[in-house]
Structure formats: structure tokens, C-alpha cells
Amino acid sequence: MKKSWQRKEAFRKISTGEWVFCIVAGLILGTIFAVLPWYADAPIPKSEAIQADAVLSSYTKNYRRHRLSNILLRFEDHDPVSVDSVCLNDEIEAKIDTLTPGTRLHLYIHPHGNTAWEVDRGDEVLLSFEESKEAFIRNNKASTVMGIVMYALANVSAFALIYKKRCCTHKAKKHKHK
């Protein structure tokens, strides 16, 4: 275990530029984590979602690090739409696997992206709007917590920089008076 004077010496070796970098990085990352998800995937009422009827031509399952990232639905008469992994579970994935080319789907799409929040085949709702909304709210809360952690790290870095400046200033003044 390090002695207190060893920890203080290691603390003093961190340059001002490194502390400033930690502050700036914490503020930028905190903003990205805390604000961006609430814009891109903000919960909206069903009435504000874009409605579309489209004929499915194909779909692709996209994986990232051996996990299902999203399912991209391609249509004959509409732009591609994705179903985000936040909304997916085994049951919904199995329902989407039953789709065949030529199936007409009724979609509710988030206006800030091309993410489907509801997929309705007519005889069955494959993905419910309310379940999607709850899933995105849960996911956005987790991102907000991460943003708060980044802001906290930026604050700790700022206080450490202030402390370091005061320590160095007081030591410099003590050495001048001797």
C-alpha cells in the first residue's frame, strides 16, 4: 500500500493539461450520454409517430459482438426501417422470423429516425408501441445515469485541478519567503 506522501507525489505528477483534458472529456461525454438519447429516442405519444403501410421485401438481422443489434426491415414501397435491440426479445424476434416477402405491415415510426416503434401485420401486433416506449425509457435512463457519472468525473477533475493549483501556489509562496 502506498504511503500518503507517495499518493500526493503521484497526484502532483499529473499535468494541468491532463486535468483539463479530463474535465473537457467528462463534459462532452456527459452531454452525449445524458442528452442525445432523449432527443434521438425520446418518448413520444403514438399520435406523433409517422404511420406507414408498406410491403415487406426482406429483413436482415444485424449483430454486434455476437449480440443482436437490430433488425432491418426492407420494403418494396418504403424506405428501410429498423427495429432496435432495445425493443427486441426472443418472442418478438420469433414473430419477425415468421414474416415472408410480400407481407403488408402497418408501422409507427419515430420521427427523429427510422426506428419502428410498432409493427402490425394486421392479424397480429408483432411489436407494441407501448412496449417499445417503455424499453426506450429504460434505456435512456441508463444513459442518463452514465452521463451523470461523466459529469461527476469532470467535477472531480476540476476540483483536483483547483486543489493542485492551490497546493503548488502555496508551496511556491513558502519557498519564496524562506
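Buried means under 20% relative accessible area, exposed over 50%, and partly exposed in between, with a 1.4 Å probe and protein chains only. Keep that scale at hand for the exercises below.

The model is predicted, so local features need pLDDT of at least 70 and side-chain atom pairs count only at pLDDT 80 or more, while totals for chains, interfaces and linings use all residues. Residues are numbered from 1 along each chain as its sequence is written, and side-chain values use heavy atoms, with hydrogens and water left out.

**Exercise 1. Find the salt bridge between Lys46 and Glu118, and decide how accessible each partner is.**

Step 1. Apply the criterion: a salt bridge is a side-chain nitrogen of Lys or Arg within 4 Å of a carboxyl oxygen of Asp or Glu. The closest N and O atoms of Lys46 and Glu118 are 3.1 Å apart.

Step 2. Lys46 sits in the loop between helix H2 (16-40) and S1, and Glu118 in strand S5, 72 residues apart, so the pair links distant parts of the chain. Helices (H or I, at least four residues) and strands (E, at least two) are DSSP runs, numbered from the N terminus.

Step 3. Read the accessibility. Glu118 counts as buried because its relative accessibility is 7%, while Lys46, at 33%, counts as partly exposed.

**Exercise 2. Trace the strand partners of S1.**

Step 1. Two strands pair if DSSP finds at least two bridges between them. S1 and S2 pair in the antiparallel sense over eight bridges, and Tyr63 stands opposite Leu68 in S2.

Step 2. Check the turn: the hairpin of S1 and S2 has two residues between the strands, and Arg65 there takes a positive phi near 55°.

Step 3. Go to S4, which runs antiparallel to S1 and is joined to it by six bridges. Ala54 has Leu105 as its bridge partner in S4.

**Exercise 3. Which residues touch the most other members of the largest nonpolar core?**

Step 1. Such a core is a set of buried Ala, Val, Leu, Ile, Met, Phe, Trp, Tyr and Cys residues joined through side-chain atoms within 4.5 Å. The largest has 27 residues, and Leu73, Phe75, Val83, Ile96, Leu105 and Val119 touch the most other members.

Step 2. See where the core comes from. Elements giving two or more residues include strand S2 (67-75), helix H3 (90-97) and helix H4 (129-177).

Step 3. Follow Leu105. Beyond its neighbours within four places in sequence, its contacts (heavy atoms within 4.5 Å) include Ala54, Phe75, Val119 and Leu126.
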